[in-house]
Amino acid sequence: MQNASHVTYQRGLVRTRTQLDYQVTQGELRRGRVQLPPAAAGHKLMRVTAPQLRNWVMGDGDDDSVLVVNLAQPATKNWQLVLELEQPLPAPPNDAAVTVPHALDVKRETGLVALQAGDDLGLTVAQSVNLTKKNAEDFTAVVNAAKPSLVFSYLNTFTLAARVAAVEPRLEAEVRQHFHVGANALRLTSHINYTIKKTGVFNLSLALPEGYRVEKVHGANIANTNLVDGNLEITLSQRTIGAYGVRIDLQKQLPLADTVSVAGVHPTGTLSVGMQKITGYVAVGSEPGLEVTAGVAQGLTEIPAAEL
């Protein structure tokens with residue numbers, strides 16, 4: 001008998017799909033008995049699928065964790081039983097024991113166990129006993145499934161614990177600040193071009209310059225914006241990864257003076273993760289009749305306007 005179990009980790013949930021392929025070498029198979037993972041650990045049987053399935057019941061004698069599957073017609077050569085289970089997953093990081101269904105009343109069970117995690121979860125091996133690492137193709141050749149992260153083979157029994165941890169996004173940004181000096185106001189248009197790696201984000205946070213009023217925020221999939229203690233918090237309607245751009249229009253009432261201080265918008269990351277890298281450009285212009293020259297500048301290198 002061959003066992004192929006695919007264990008998938010998501011936020012708050014572990015899904016296990018076990019495919020049991022029976023080879024009947026003598027006589028006929030009228031029923032199959034399977035030892036399920038303990039219900040005390042939160043495992044719940046969700047679905048039972050098999051050809052010639054008459055019925056199935058939980059419990060065999062005093063053991064409530066044994067599944068008994070009865071066939072409508074005996075199998076004389078091959079028979080496949082597919083079980084789907086779910087189990088709660090505590091908030092990461094944690095070490096989760098991997099337990100899968102095992103066939104009973106068979107001479108030998110050869111098996112494959114595959115582990116897969118969602119994009120926002122990292123997966124490593126915390127403990128491994130009686131397992132041999134295999135290629136992902138060894139599993140997908142037996143089971144029609146997406147390519148798993150980790151695959152192991154075993155004979156009869158094994159011990160495996162997976163370490164599940166949250167994957168933190170990596171954020172980089174190029175910021176272009178455009179200041180426009182007027183007789184009575186200072187306008188600022190900030191273009192922030194993010195590069196979001198590893199996993200997607202649902203929110204972005206930006207520090208605003210003091211005294212400016214936000215006039216409009218432009219960007220795709222923006223569900224909500226909120227001002228909190230000088231920070232603009234942007235909530236996105238979907239998890240976002242890769243390239244993402246946002247434009248913020250601001251204005252500051254400012255009487256005309258000999259010297260004007262300029263301060264831009266600075267991305268600070270998300271509500272939980274900071275920025276990894278920020279590069280930027282600053283451009284300053286004025287309305288007709290006003291002339292602007294650079295004064296004291298720190299952390300800036302002047303470049304020709306044509307390059308911007």
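## The second largest pocket

The lining of the second largest pocket comprises six nonpolar, five polar and six charged residues. The model described here is a predicted one. The volume of this second largest pocket is about 480 Å³. Its lining consists of 17 residues, and those closest to the centre are Gln-23, Val-24, Asp-105, Val-106 and Lys-107. Strand 2 (13-23) and strand 3 (29-35) each contribute at least two residues to the lining of this pocket. The greatest contribution to the lining comes from strand 3, which supplies four residues.

Arg-31 has Asn-70 of strand 6 as its bridge partner.

A further group of pairings involves strand 16 (residues 185-207). Strand 15 (residues 170-181) and strand 16 form a hairpin, with three residues between the two strands.

| Strand pair | Sense | Bridges | Residue pair |
|---|---|---|---|
| Strand 15 and strand 16 | antiparallel | 12 | Glu-172 and Thr-195 |
| Strand 16 and strand 19 | antiparallel | 18 | Asn-203 and Thr-235 |
| Strand 16 and strand 20 | antiparallel | three | Leu-206 and Pro-267 |

In this table, strand 19 covers residues 231-253, and strand 20 covers residues 266-269.

## A buried asparagine

Asn-3 lies in strand 1 (residues 2-10). Is this residue buried or exposed? Asn-3 counts as buried, because its relative accessibility is 0% and the cut-off for a buried residue is under 20%. The side chain of Asn-3 comes to 2.7 Å from the backbone oxygen of Pro-101. The side chains of Asn-3 and Glu-109 are joined by a polar contact of 3.4 Å. Apart from residues up to four places away in sequence, Asn-3 touches Thr-18, Gln-19, Leu-20, Pro-101, His-102, Glu-109, Thr-110, Gly-111, Leu-112 and Tyr-154.

Val-282 is located in strand 21 (residues 277-286). With a relative accessibility of 42%, Val-282 counts as partly exposed. Not counting residues up to four places away in sequence, Val-282 touches Gln-177, Phe-179 and Leu-300. Val-282 and Ala-263 are separated by 19 residues in sequence and by 9.6 Å in space, from C-alpha to C-alpha.

Lys-252 is placed in strand 19, the strand that pairs with strand 16 over 18 bridges. Lys-252 is partly exposed, because its relative accessible area is 22%. When neighbours within four places in sequence are left aside, Lys-252 is in contact with Asn-184, Ala-185, Leu-186, Glu-210, Gly-211 and Tyr-212. From Lys-252 to Ala-96 the separation is 156 residues in sequence and 54 Å in space, C-alpha to C-alpha.

## Backbone features

Which peptide bond is cis? The bond from Pro-92 to Pro-93 is cis, and its omega is near 5°. Pro-93 sits in the loop between strand 7 (78-88) and strand 8 (94-97).

Gln-52 is not a glycine, although its phi is positive, at about 55°. This glutamine, Gln-52, is found in the loop between strand 4 (44-49) and strand 5. Gln-52 is partly exposed, with 43% relative accessible area. Lys-198, likewise a residue other than glycine, has a positive phi near 75°. Lys-198 lies in strand 16. Its relative accessibility is 62%, and Lys-198 therefore counts as exposed.

Conventions: Residues numbered from 1 in each chain as written. Predicted model: local features only at pLDDT ≥ 70, side-chain atom pairs only at ≥ 80, totals over all residues. Heavy atoms only, no water. Buried < 20%, exposed > 50% of the residue type's maximum accessible area, 1.4 Å probe, protein only. Polar contact = N/O pair within 3.5 Å; in protein donor to acceptor, adjacent residues only side chain to side chain. Contact = heavy atoms within 4.5 Å. 1 Å grid on protein atoms, 1.4 Å probe; cavity = no way out; pocket = protein on both sides within 12 Å on 5 of 7 lines; lining within 4 Å. Points joined across faces, edges and corners; volume = space filled by probe spheres on them. Nonpolar A, V, L, I, M, F, W, Y, C, P; charged D, E, K, R; others polar. Pairing = 2+ DSSP bridges.
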